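This briefing is meant to be read beside the sequence and the coordinates. It goes through selected parts of the fold and the contact between the chains.

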Amino acid sequence: MLKNVFKRFSWLLGLALLITMLAACSEDDQTQGSANDSGDEGTSEFEGSLLAWAWDQNFNVAALEIAQNYFDEELKMEIVDSSSADIVQRLNAGLSSGTMKGMPNIVLIEDGRAQTFLRSYPNAFYPIGEYFNTDDFASYKIAPTSYDGKQYGLPFDTGVTGLFYRKDILEEAGYSEEDLQNITWGEYVDIAIEVKEKTGTAMISLDPNDLGIIRMMLQSAGSWYTTPDDEINIENNDALKLALENYKKLMDSEAVYMVSDWSNYIGSFNNGDAATVPTGNWMAPSIEQAESQAGLWRVAPIPRLDIDGAKNAANLGGSSWYVLNIDGKEKAAEFLGQTFGSNKDFYQDLVTEIGAIGTFKAASEGEAYQIEDDFFGGQKLIYKFSQWMEDIPQIDSGINTNGIEGILEAEMQNYLKGESLEDVLNNTQEQAENQFK
Amino acid sequence: MIKKIRHFFDYNKLILKIFLVLFFSIMTVSVLITYSGIRMSSNLFMDTFSITNTKVIKQIENQIDNFHQSIVRTAFEVEKDSELKRLLKSDYDNTREQAIYIYTLNQKVDHFYNNFYPNNVTMLLMNKRGEAFNANFNIWDPDDQVLLNHPITRQLDRSNNQIEFSLENSSLTNHKPMIIAGKALREASDESPYGYYFAAIKERDLRSFYEGFTSEGNNILLMAPNGKIISSNKKNYIGLSEPRLLSYANDLNEYQAEYRNIRVFDKDYTFLVKYLPSFGVYLINLVDQNLVAKNVINTNEILLISAFIVCISLFIAVLIIRRMTVPLSDLVNQISDMARYQFNKPLEVKGGYEARKIAESFNYMLNELHDYVKLLLRTQEKQRKAELKALQHQINPHFIYNTLASIKFMTQQGKIEEVSQTIESFIALLQHALTNIEETITVEQEIIHLKNYTKVNQSRYGDRIQVNFLVSPDSLECRLPKLVLQPFVENAFFHAFIKKKRGVIQILIAVKDNKLVCEVMDNGDGMDKEQRHSKEEQNKQLYSGIGIRNVDERIKLLYGNKYGVETKSELGIGTRVKITLPFIDS
């Protein structure tokens, strides 16, 4: 009887089985979905991929990629390569809106712009002082990367400057290598006039929209457009006065090759239209592009302003890594600390593979820094730069550098047209105070 | 083996037939439903997809239009700006003136550049000397002289005061694909160019206008009117020329159709197109049908589910059919086996309702039939018994006549003694036949009867035939049917001694193995088989109605098959009849 009942309902049983199986299938999908959801919320132990923003595929991005080899742990990192200006704009947009959605874990910021961000959005950045020792880095890098006593940035490349020059052209004008060591900007202008007269070649190429040369002059004297208290420091700034005088003298001398954009600038010395390039060490690869000029180039310390205490060292450019205060910040800070923050061997790789000179002082003891560069007549280029780096006077560029420079650029035209230096400086001071006070 | 298979097929013929029919109908239905389901959902999907994509294209068009607008607007502003015109045409005498010139022009460029949307476009102004002023050289930083002498610029010289777009991927753009818009700035008077206006965007950034709308298999590309693909989310398409795509684009645009399916790049695509008159390019949306359909409609899953359902329903169907057909087949088998069991074995009642009902009815019918047959047999038996009874009580009148005639002769011859003995025996015979109404008699009575019969016969025919009786004492009280032995004795008397004139008939009766065994033997002529048969047939019964032929039948009727009559005979030696009867003690 029981058997009969079972037989009769066995097909029902089969049907029930079928339905259960189908239901189980769809249930599976749901559980999978929810598992993924919960994965995104992971906060305690960060397992996602880190996002990094940097510019220059062959330099900064490459440095990040090399760094991953030096990190103990398995790390997933997505690196987005865009321009420096783009990064600034996107950071501004993101941070000012207050949402950290889509923001990177690690971002590269130019030292000159860092303070703007740190002061405007201090909570958006994660202090990483405890992940490395600030004393290990060139001191001039600390001021721009810290704020309110906290270290926010991990100093990366140096913008230490030097005076690249064409040995052959200067010798033609009667200057030996010694004549260019530790000179002042005044001496540099004199040499420029001499070179132009004797060789017909311009001493320097300049873009009137780029006052980098003024910055280098100011920094060599430990001075800036602003005081450390963010006061506009133009009107009574002797260093600035001297710098502008040198600039005008240079302009009037016809020893300048004018360029209007970057490619022109590079082209000017690659084509032999300029005898010297006073700029950051990062220009070396561009200079080396002109293979026909191999062995003709030398590098000397950057000229200094003729002021007491001025050093033959200055900085132009350079950037540092910052960690944003979002999920994964500990992991990101750990990563930076272990690689850029303390690994000497890593810096040797940086030099040999991409020619990046870091600001990690211990790195200069490594072998890679002792390499003699044949393009520069066997000079130990990297080592020289790393030595000069330590002499760079520390200045606080504040947050208004770019704005003030914009005003100064415009006033500079008036100065070139013949207005007196005092008027130019007064006007600049006045405009800057109106704008930034 | 083959027989076995045949038997299997015979046995399962019904279920196989039903299964095949079911199988094919279920398969057909599910294949058709699956196919049409997939087709319908694919079509529906493609339809909705096309509608959405038409909207998406509209949106991309708007974005690109905005971009184009800002290029055009800036071009007009640049052209209108008289100070800029003066600057571009002017020259300088020394470095100081050059510095101011460059600074001022860069300021101008920056001023115009502020209007630009989006910000990943750069703008560049160039004077006739080839001095270029670039708003954002992060995006594009061409060498001045290369640009001045480039075919693009030369083309602008010839062109009709309009904005020309081109895709460049050469040293001009550092070997990265870029879209460059250019316009010659011309004098109002003689239309001679005094400078050039360029706007450039990396193909990568142009792609960002639409890349968000694309996905695996959903591709967007921009195609110049010469058939060259200038931008696409599929990087390997960039720079390709696909004339077929161009002709499709022209067709579709002409007929205002919504979309059509085409085959390019060795794949089937659904193809949507929109001509962007501002740019002079086609915005093309290629949807990889297979890939997209595969992503949305999981064909495998549908097929799997259909197959699963088919299997399950077939399985269930087979179970149910089996439950119905197996009892039927069983019934058929049992019924065909009926004869082997003399229709005595009833059908097993099992299986489904129908089978059980059939079996029940069949069994009922069988029982009825059995009852009827039994009744018939019993009636026949009764009739036969009645007949026999009647025969038992009847003496052939010829026998009486012959006997009386013999007695008359004996009387005439004066053999009084013999007459009186014969009459005595004859009376005993008559008495025995007429008075004894019982069916069975004791062996003793039978022997007396046989002796009387022998006497009567001997008185008629003389005593040349001797009759001996050998009866075991323990059998005397046994009962046996009337007139069982008499026919064989009579037979021996009248047929066994035709050639031989003398002989002996021996009658033996004994109990053996709990059976009563009677034997009638003669040493007469004997017979072969044929003779025996014909004799049995022809012999007239001289004494009573019961002939030897009936005896065996009668015994079997009364006591069953175990009992009966056996005859052995040999020519010239004699005949021996053995009658086996049950031992019935009175």
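The points below cover the two chains of a predicted model, grouped by topic.

Chain B has 586 residues, of which 29% are buried. Its secondary structure comes to 17 helices and 17 strands. Among the contacts in chain B with a separation of 6 or more, 64% are between residues 24 or more positions apart.

**The five-stranded sheet of chain B**

- An open sheet in chain B is built from five strands in the order S12-S14-S15-S17-S16, with mixed pairing.
- Strand S12 (465-471) and strand S16 (564-570) of chain B are the edge strands, each pairing on one side only.
- From one strand to the next, the twist averages 10°.
- S12(B) runs parallel to strand S14 (residues 503-512) of chain B, and seven bridges join the two.
- Within this pairing, B:Gln466 lies opposite B:Val504 of S14(B).
- Helix H14 (residues 443-461) of chain B packs on the sheet and touches S12 and S14 of chain B. The direction of H14(B) makes about 170° with that of S12(B).
- Helix H15 (residues 486-496) of chain B lies across S12, S14, strand S15 (515-522) and strand S17 (574-582) of chain B. H15(B) runs at about 10° to S15(B).

**Helix packing in chain B**

- H14(B) packs with H15(B) at an angle of about 25°, and their axes are 11 Å apart.
- Angles under 35 degrees count as roughly parallel, so H14(B) and H15(B) are roughly parallel to each other.
- The crossing of H14(B) past H15(B) is right-handed.
- On the H14(B) side the contact is made by B:Leu450, B:Tyr453 and B:Asn457, and on the H15(B) side by B:Gln486, B:Val489 and B:Phe493.
- By class, the residues of the contact of H14(B) with H15(B) are four nonpolar, two polar and no charged.
- Helix H13 (residues 416-435) of chain B also packs with H14(B), here at an angle of about 135° with the axes 9 Å apart.
- H13(B) and H14(B) are therefore oblique to each other.
- H13(B) passes H14(B) in a crossing that is left-handed.
- Residues of H13(B) in this contact include B:Glu418, B:Phe426, B:Leu429 and B:His432. Those of H14(B) include B:His449, B:Tyr453, B:Lys455 and B:Val456.
- The contact of H13(B) with H14(B) has five nonpolar, seven polar and two charged residues.

**Strand S5 of chain B and its partners**

- Strand S5 (residues 193-202) of chain B is mostly covered, with seven of its ten residues buried.
- One partner of S5(B) is strand S1 (residues 121-127) of chain B, paired in the antiparallel sense over seven bridges. B:Thr122 has B:Ala200 of S5(B) as its bridge partner.
- Strand S4 (residues 178-186) of chain B also pairs with S5(B) in the antiparallel sense, over nine bridges. B:Lys183 is bridged to B:Tyr197 of S5(B).
- S4(B) and S5(B) form a hairpin with six residues between them. B:Glu191 in the turn has a positive phi of about 60°.

**Contact between the chains**

- In chain A, 24 residues are in contact with 24 residues of chain B.
- The elements of chain A that each supply at least two residues to its side of this contact include helix H1 (2-40), helix H3 (84-97), helix H9 (238-252) and helix H15 (401-417).
- The side of chain A that touches chain B has nine nonpolar, ten polar and five charged residues.

**Buried positions in chain A**

- Helix H12 (residues 329-338) of chain A has buried residues A:Lys331, A:Ala332, A:Ala333, A:Phe335, A:Leu336 and A:Gly337.
- These buried residues of H12(A) pack against strand S1 (50-54), strand S3 (106-110), strand S6 (153-155) and strand S12 (319-323) of chain A.
- A:Glu411 is located in helix H15 of chain A.
- Because a residue counts as buried with 20 or more other C-beta atoms within 10 Å, A:Glu411 is buried, having 22.
- Beyond its neighbours within four places in sequence, A:Glu411 is in contact with A:Val424, A:Asn427 and A:Thr428.
- The C-alpha atoms of A:Glu411 and A:Gln431 are 10.0 Å apart, with the two residues 20 apart along the chain.

Note on methods
Residues numbered from 1 in each chain as written. Chains lettered and ligands numbered in written order. Predicted model: local features only at pLDDT ≥ 70, side-chain atom pairs only at ≥ 80, totals over all residues. Pairing = 2+ DSSP bridges. Helix = DSSP H or I, 4+ residues; strand = E, 2+ residues; numbered from the N terminus. Axes fitted to C-alpha atoms, helices over the stretch in contact; angles between N-to-C directions. Contact = placed C-beta atoms within 7 Å. Nonpolar A, V, L, I, M, F, W, Y, C, P; charged D, E, K, R; others polar. Buried ≥ 20, exposed ≤ 12 C-beta atoms within 10 Å, placed from the backbone. Parallel < 35°, antiparallel > 145°, perpendicular 65-115°, else oblique. Left-handed = near helix turned anticlockwise from the far one by under 90°.
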